[in-house]
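Notebook open, structure loaded. I'll jot down what I look up as I go.

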Amino acid sequence: MQFISFKNYEQLSAYTADHIVNAIKSKPDLVLCMASGSTPSLTCDLLVEKLKDEHADYSKFTFIGLDEWVGLPPANSGSCHYFFKTKVFEPLQLRPSQYHLFDATSNDLKKECERMDQFIDEKGGIDIMIVGIGMNGHIGFNEPGTSFSLLSHVADLDETTKSVGQKYFNGPVELDKGITIGFSHLMNTKKVFLLANGRHKAEVVKKAIEGPVTEDFPASIMQKHKNGFVVTDEEAASLLK
Ligand code: PGA
């Protein structure tokens, strides 16, 4: 694992977006898996802007959404689906065959997980994964205590996730379960970037990088990834030794 720190959020987002654009230019059929949320938000905006400005051919790349709140329809503005649709798919006019997200309204969520695992297999695996880190150390909905060896799965949400997650919605919502890509896929991904910004993430970044590798603190898995990068701003790096 490598650690890269930038002065601010704008710089870390520009670095990450540049990296993805260059990767698409050298491998047009790149498979990108991204988390939604506050952290990767600017990376998404810059990715769209740079792909367009640089006239990159993005007609062959594939986009995979990391997770979704169980029960939320894509039209809900707090859903991961809505986030990617408005920030990436529509601006880039991607064809529906170019992206795959969990249908969290399905009454067969196990099948949804199998569909995702199969999709990833058929694509030959994920090239780049961009994730954030939760206030309890989760990645996606891989909550504390989740096995490092899982494929896609449904998770009972941690209390921290349920309360922090309220920030994505206009009013209070009941969040109970999540559907997520698991760590077996993360470990098989060729390059993983964990992004973190802001003083509020300093403690979890420190635990992820300097703490023990343990399923009790999911983001510590980054230490085991041969091509894992933790990318932060100065504030999120402020407690590191
Ligand atoms: P955030 O979420 O980027 O909105 O801080 C991170 C996470 O919970 O994974």
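**Entry 1: the model.** I'm working from a predicted model here, so I note that before anything else.

**Entry 2: Met187, where is it?** I looked up its secondary structure, and Met187 falls in helix H6, which spans residues 183-188.

**Entry 3: is Met187 buried, exposed or in between?** I get a relative accessible area of 29% for Met187. Buried would need under 20% and exposed over 50%, so Met187 goes down as partly exposed.

**Entry 4: which residues does Met187 touch, beyond four places in sequence?** I find Ile221, Lys224 and His225 in contact with Met187.

**Entry 5: ligand, where does it sit?** I find the ligand in the largest pocket. Around the ligand I list Gly37, Ser38 and Thr39, then Gly132, Ile133 and Gly134, and finally His138, Lys167, Tyr168 and Lys201.

**Entry 6: which side chains have an N or O atom 2.7 Å from a ligand oxygen?** I noted two. The side chain of His138 puts an N or O atom 2.7 Å from an oxygen atom of the ligand, and the side chain of Lys201 also has an N or O atom at 2.7 Å from a ligand oxygen. With Ser38 it is the backbone: a polar backbone atom there is 2.9 Å from an oxygen of the ligand.

**Entry 7: ligand cover.** On its own the ligand exposes 280 Å², and I have the protein burying 87% of that.

Methods. Residues numbered from 1 in each chain as written. Predicted model: local features only at pLDDT ≥ 70, side-chain atom pairs only at ≥ 80, totals over all residues. Heavy atoms only, no water. Helix = DSSP H or I, 4+ residues; strand = E, 2+ residues; numbered from the N terminus. Buried < 20%, exposed > 50% of the residue type's maximum accessible area, 1.4 Å probe, protein only. Contact = heavy atoms within 4.5 Å. Near = heavy atom within 4 Å. Polar contact = N/O pair within 3.5 Å; in protein donor to acceptor, adjacent residues only side chain to side chain. Areas by Shrake-Rupley, 256 points an atom, 1.4 Å probe, with all protein chains shown as cover. 1 Å grid on protein atoms, 1.4 Å probe; cavity = no way out; pocket = protein on both sides within 12 Å on 5 of 7 lines; lining within 4 Å. Sits in = over half its atoms within 2 Å of the grid points.
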